[in-house]
Amino acid sequence: MGSEVVRKKKNPKTAPLNPNWALLQQKLKLQGSKANFSGPSSHSNGSSSPSVLGKRKQRTDSDPEPDDSQLNILAPTSSDCSLTDEVAMDCEMVGVSPQGNKSALGRVTLVNKWGNAVYDEFVRPIDRVVDFRTEISGIRPRDLRKAKDFPSVQKKVAELIKGKILVGHALRNDLKALLLSHPKKDLRDTSEYQPFLKESRRKALRHLAAEFLGVEIQTGEHCPIEDARAAMLLYQKHKKDWERSVKDRSRLFEKQKKRKNRKKSNKKVVPAGNNVPVLSNG
């Protein structure tokens, strides 16, 4: 009797479910399975189930963080590519002597004050190129096959820099390679600017860029556009003090010149005849 009573009490649990209740349970199970599919699982190995949107590559500690400042600091500050009153120049050289130790112009670049290139040409030297110096110059044989001849490049650069403030690093070498001259008063050479010197010694452009601009350049093959932009940015950041020092030096030079001229004019010139004694007739 007791067992029959228990069996009768359990029978209601085995009875068929209400259709509405069964449908609700199916919906709840389905939602639960979707949540488990899209969310991370709690497995002991720490792995997660795949996402519906796909995997996104996770950055590891060994991956370098992108440094946008280094990419953007030398970027042009304007889209204006016109010729400005201030232009920066940089040249790359190749070797032309039998030993390849004599430098000749292989590429010349000019950028305006905003950093946009206004002239950038490969140059075919007059003499035969022995060493392209690719690891530094970035110039390869194919670059010079259709390059412009030296006289036409020289003429064009002379026209572009005439009457301009010329900015650059070690401009003496660039002008020498171009066989050109430029008024000293219009030169702004980052290798000679006093605040950039260390114990009266010149620093390389890459060291100045790292110290004063916080950017690395010339880590491999040199890019003359990048180098010209770095020189121009160095000048622009120190332009106020730089131009003041140029004016002060110019005024000092004029004072010294006037002083010398005054000393020359104050000197008495005695005619040679005045030293001849006069004889009397008596």
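Helices (H or I, at least four residues) and strands (E, at least two) are DSSP runs, numbered from the N terminus. The model is predicted, so local features need pLDDT of at least 70 and side-chain atom pairs count only at pLDDT 80 or more, while totals for chains, interfaces and linings use all residues. Residues are numbered from 1 along each chain as its sequence is written, and side-chain values use heavy atoms, with hydrogens and water left out.

Two pockets were examined. A pocket is defined on a 1 Å grid over the protein atoms alone, as an open set of points where a 1.4 Å probe fits, with protein on both sides within 12 Å along at least five of seven lines. Lining residues have an atom within 4 Å of a point. Grid points are joined across faces, edges and corners, and a volume is the space filled by probe spheres set on the points.

The second largest pocket has a volume of about 630 Å³. Its lining has 18 residues, and Lys 184, Lys 185, Leu 187, Glu 192 and Arg 249 are the closest to its centre. At least two lining residues come from each of α7, β6 (187-189) and α10. The largest share, six residues, is from α10. By class, this lining has eight nonpolar, three polar and seven charged residues. Here Ala, Val, Leu, Ile, Met, Phe, Trp, Tyr, Cys and Pro count as nonpolar, Asp, Glu, Lys and Arg as charged, and the others, Gly among them, as polar.

The largest pocket has a volume of about 800 Å³. It is lined by 29 residues, of which Met 93, Ser 103, Asn 173, Asp 174 and Ala 177 are the closest to its centre. Two or more lining residues come from each of β1 (86-95), β2 (103-111), α4 (134-137), α7 (171-178) and α8. The lining comprises 14 nonpolar, six polar and nine charged residues.

The interior was described through nonpolar cores. A nonpolar core is a set of buried Ala, Val, Leu, Ile, Met, Phe, Trp, Tyr and Cys residues joined through side-chain atoms within 4.5 Å. Buried means under 20% relative accessible area, exposed over 50%, and partly exposed in between (1.4 Å probe, protein chains only). The largest core has 23 residues, and Leu 74, Val 167 and Leu 213 have the most contacts inside it. β5 (165-168), α8 (205-213), α9 (224-237) and α10 (239-266) each give two or more residues to this core. The most, eight residues, come from α9. Beyond its neighbours within four places in sequence, Leu 213 is in contact (heavy atoms within 4.5 Å) with Ile 73, Leu 74, Leu 208, Ala 230, Leu 233, Leu 234 and Lys 237. A second, separate core has 19 residues, including Val 87, Cys 91, Leu 166 and Leu 171.

Strand β5 is covered on both faces. Ile 165 and Val 167 are buried on one side, Leu 166 and Gly 168 on the other. Pairing requires at least two DSSP bridges between two strands. β5 pairs with β1 in the parallel sense over three bridges, and Glu 86 stands opposite Ile 165. β5 and β6 also pair in the parallel sense, over three bridges. There, Gly 168 has Asp 189 of β6 as its bridge partner.

Two loop residues complete the description. Gly 115 lies between β2 and β3 (117-124). Gly 115 is buried, with a relative accessible area of 5%. Outside four places in sequence, Gly 115 is in contact with Pro 76 and Arg 229. His 222 is in the loop between α8 and α9. Not counting residues up to four places away in sequence, His 222 touches Glu 92, Ile 136, Ser 137 and Asp 227.
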